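Here is a briefing on one protein fold. It covers the sheet, the cores and the aromatic pairs.

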Amino acid sequence: MAAAKESQSAWKDKVKENLDKAFDLVHDVEKRYMEEPEKMLGLLKTASQFYQYSVNNLKLIYAQNPTAKYVQSFEAWKKDGFHVLRGQKGMKIFVPVRTTFLKLNDGEIVALSEASAEQKQQYKEGLIEHFQKTNYKIGNVFDITQTNC
């Protein structure tokens, strides 16, 4: 049990480290544009191609591959009948994740995924107060040049 908790703790530390790196990259891009506003043209060109992505994800894509033309997740490429070429590294982006939390009678807040079987049953029956929160994790996208398309 202790090994599982250590493993989970290490995993959470790695997730936080990846998120911190991504935020640092976004801030570096912002800083570059403040120092050299003419470079913003490249970001705006990228933004015109990837309108479905958030501003922060546009900055991440541009910082990692300024010549990106069309990006999708590994699964989206696979669904479209293409595959990502061996050895290609994905570009890191923020992916929203909705998490349900339970508000227990004693005021404690517990993620639904970490709730006991009894608490989950009460949630299903609508007997326990709950709310959702959006968090972010790091995901990968690949440019069309990284595929067999």
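Which residue of β3 does Phe101 stand opposite? Phe101 stands opposite Ala111. This is a predicted model, where local features need pLDDT of at least 70, side-chain atom pairs count only at pLDDT 80 or more, and totals for chains, interfaces and linings use all residues. Residues are numbered from 1 along each chain as its sequence is written, and side-chain values use heavy atoms, with hydrogens and water left out.

**Overall make-up**

- The protein has five helices and four strands. Helices (H or I, at least four residues) and strands (E, at least two) are DSSP runs, numbered from the N terminus.
- From the N terminus on, the order of elements is α-α-α-β-α-β-β-α-β.
- Of the 149 residues, 28% count as buried. Buried means under 20% relative accessible area, exposed means over 50%, and partly exposed lies in between (1.4 Å probe, protein chains only).
- The accessible surface comes to about 10,400 Å², by the Shrake-Rupley method with a 1.4 Å probe. Carbon and sulfur atoms hold 54% of that surface.
- Among contacts with a separation of 6 or more, 69% join residues 24 or more positions apart. Contact means heavy atoms within 4.5 Å.

**The sheet**

- Four strands form an open sheet in the order β1-β4-β2-β3, with antiparallel pairing. Two strands pair if DSSP finds at least two bridges between them.
- The edge strands are β1 (71-72) and β3 (109-111), and each pairs on one side only.
- β2 and β4 (residues 129-143) run antiparallel and are joined by 13 bridges. Arg98 has Thr134 of β4 as its bridge partner. Thr100 is partnered by Gln132 in β4.
- β1 and β4 pair over two bridges, in the antiparallel sense. Val71 has Asp143 of β4 as its bridge partner.
- β2 and β3 pair over three bridges, also antiparallel. Their hairpin has five residues between the strands, and Gly107 there takes a positive phi near 90°.
- α3 lies across β1 and β2, running at about 150° to β2. Axes are lines fitted to C-alpha atoms, for helices over the stretch in contact, and angles run from 0 to 180 degrees between N-to-C directions.

**Nonpolar cores**

- A nonpolar core is a set of buried Ala, Val, Leu, Ile, Met, Phe, Trp, Tyr and Cys residues joined through side-chain atoms within 4.5 Å.
- The largest has nine residues: Phe50, Tyr53, Leu58, Ile61, Ala68, Val71, Met91, Ile93 and Val141. α3 (55-64) and β2 (91-103) each supply at least two residues of this core.
- A second, separate core has six residues, including Leu102, Leu104, Leu112 and Ile128.
- Leaving aside neighbours within four places in sequence, Tyr53 is in contact with Leu58, Ile61, Val71, Gln72, Ile93 and Val141.

**Aromatic pairs**

- The structure holds four aromatic pairs. Rings of Phe, Tyr and Trp (its six-membered ring) pair if their centres lie within 6.5 Å; planes under 30 degrees apart count as stacked, over 60 as edge-to-face and the rest as tilted.
- The ring centres of Tyr70 and Trp77 are 5.6 Å apart and their planes stand at 80°, so this pair is edge-to-face.
- Trp77 is buried at 2% relative accessible area, whereas Tyr70 is partly exposed at 39%. Tyr70, Trp77 and Phe82 form one aromatic cluster.
- Phe101 and Phe131 form a stacked pair, 5.5 Å centre to centre with 20° between the planes. Phe101 lies in β2 and Phe131 in β4, so the pair ties together parts 30 residues apart in sequence.
- Phe101 is buried at 17% relative accessibility, and Phe131 is partly exposed at 36%.
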